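Have the sequence and the structure open as you read.

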Amino acid sequence: MRVTVPGTKTKTRSHGKKRWIVLVAITAFWGLMSGKQAVSIQGPEIILSSDKIPQGELSLISVIVENSEVPEVRWLGKKVYLVPDRARRTWNGFLGVDLRSSPGIYPVLVRVSPTHVEKRIRIEVDKKNYGVRRLTLPRKMVELDAVTLRRVKKEGQVMKEVFQAPVSRALWRGPFQRPVDGEVVGPFGRSSIINGHPRAPHSGVDFRAARGTPVKAINNGRVVLTCNHFFTGKSVVLDHGGGIISMYFHLEKILVQKGQILTKGEVLGLVGSTGRATGPHLHLGVRVNGARVDPLTLVSLSRELER
């Protein structure tokens, strides 16, 4: 796999079983010097896990800079928040593609301060078919009465406000992890037909787990919401900072409070079947810069940060 960016030198390298794209951005300018000599400025090294991202997935971006330089990345009209290593030479972040994003070619802008060197990389967003599931649920859980409908709309507004809150300082560090060890019984992205009627696609993953199983934070984060909603039941929402949010639904018991700072692996609740659920399980949802993405992709990609 190769990426061609005008004005850059491009090369590829293998990394385990994955092929990585390494782009070395080079720009030049003419100075008002004797003889008008050309001066070349070396730009950042940019590493992508992939330059093709299916709907609902991610690409890990790493930007390697010189001492005292700070990179900025913009993707789909939003700033991508990067986390530096201890030496502040390698900055890592995630390019998220929403489940319903339109396929096409989109640019990523990388700008470095204080040199103001910038480059654009082309990313291809591909369509992905996640399949369909059919469910039969009690009518009272699907056909909502007026009182329940008002409740659901109010709860939806609460979640919307959480997603639209200003992006906070990145708290996450290193790889993200699974919240429980159970197998996946409800995959991400699959559309639903409930009692014969089409519904929105599944924007998270469901893990099989026994009632009362401890649920752990997938990374460091701040509790921004605890609630008991009609659809999601007892729920916890964590803001990991840098535009990454995780959601834990259908809990039997919530063990944290709003505003509490959790470390990776800390228990936040117990598995249950509250809300609209047919049995004990954990629903995990993740948003990256507002994009609904597969949590398992985030977990697997972030393991590269250990290497």
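The largest cavity is lined by Val80, Tyr81, Gly93, Phe94, Gly242, Ile244, Val288 and Asn289. A cavity here is a set of points, on a 1 Å grid over the protein atoms alone, where a 1.4 Å probe fits but cannot get out, and lining residues have an atom within 4 Å of a point. The model is predicted, so local features need pLDDT of at least 70 and side-chain atom pairs count only at pLDDT 80 or more, while totals for chains, interfaces and linings use all residues. Residues are numbered from 1 along each chain as its sequence is written, and side-chain values use heavy atoms, with hydrogens and water left out.

Searching the whole structure turns up 1 cavity of 30 Å³ or more. The largest cavity holds about 50 Å³ of space, a volume being the space filled by probe spheres set on the points, with grid points joined across faces, edges and corners.

Now for the open space. A pocket is an open set with protein on both sides within 12 Å along at least five of seven lines. The largest pocket has a volume of about 1200 Å³ and a lining of 40 residues, with His202, Phe231, Thr232, Arg276 and His283 nearest its centre. Among the elements that give two or more residues to this lining are helix H2 (146–164), strand S12 (132–135), strand S14 (191–194) and strand S20 (244–254). Helices (H or I, at least four residues) and strands (E, at least two) are DSSP runs, numbered from the N terminus.

The two linings divide by residue class as follows.

How do S12 and S14 run? They are parallel, joined by 4 bridges, and two strands pair if DSSP finds at least two bridges between them. Val132 has Ser191 as its bridge partner in S14. S14 is also joined to strand S15 (residues 197–199), by 3 bridges in the antiparallel sense, and there Ser192 stands opposite Arg199. The hairpin of S14 and S15 has 2 residues between the strands, and Asn195 takes a positive phi near 50° in it.

Strand S22 (residues 267–271) pairs with strand S17 (residues 214–216) in the antiparallel sense over 3 bridges, where Lys216 meets Val267 as its bridge partner. S20 also pairs with S22, again antiparallel over 3 bridges, and Ile254 has Gly269 as its partner.

Two single residues round out the picture. Thr148 sits in helix H2 and is buried, with a relative accessible area of 16%; buried means under 20% (1.4 Å probe, protein chains only). Thr148 and Phe230 are 82 residues apart in sequence, yet 8.0 Å apart in space, C-alpha to C-alpha.

Glu57 lies in the loop between strand S4 (52–54) and strand S5 (58–64). Glu57 counts as buried because its relative accessible area is 15%. The side chains of Glu57 and Lys128 are joined by a polar contact of 2.6 Å.

Notes
Buried < 20%, exposed > 50% of the residue type's maximum accessible area, 1.4 Å probe, protein only. Polar contact = N/O pair within 3.5 Å; in protein donor to acceptor, adjacent residues only side chain to side chain.
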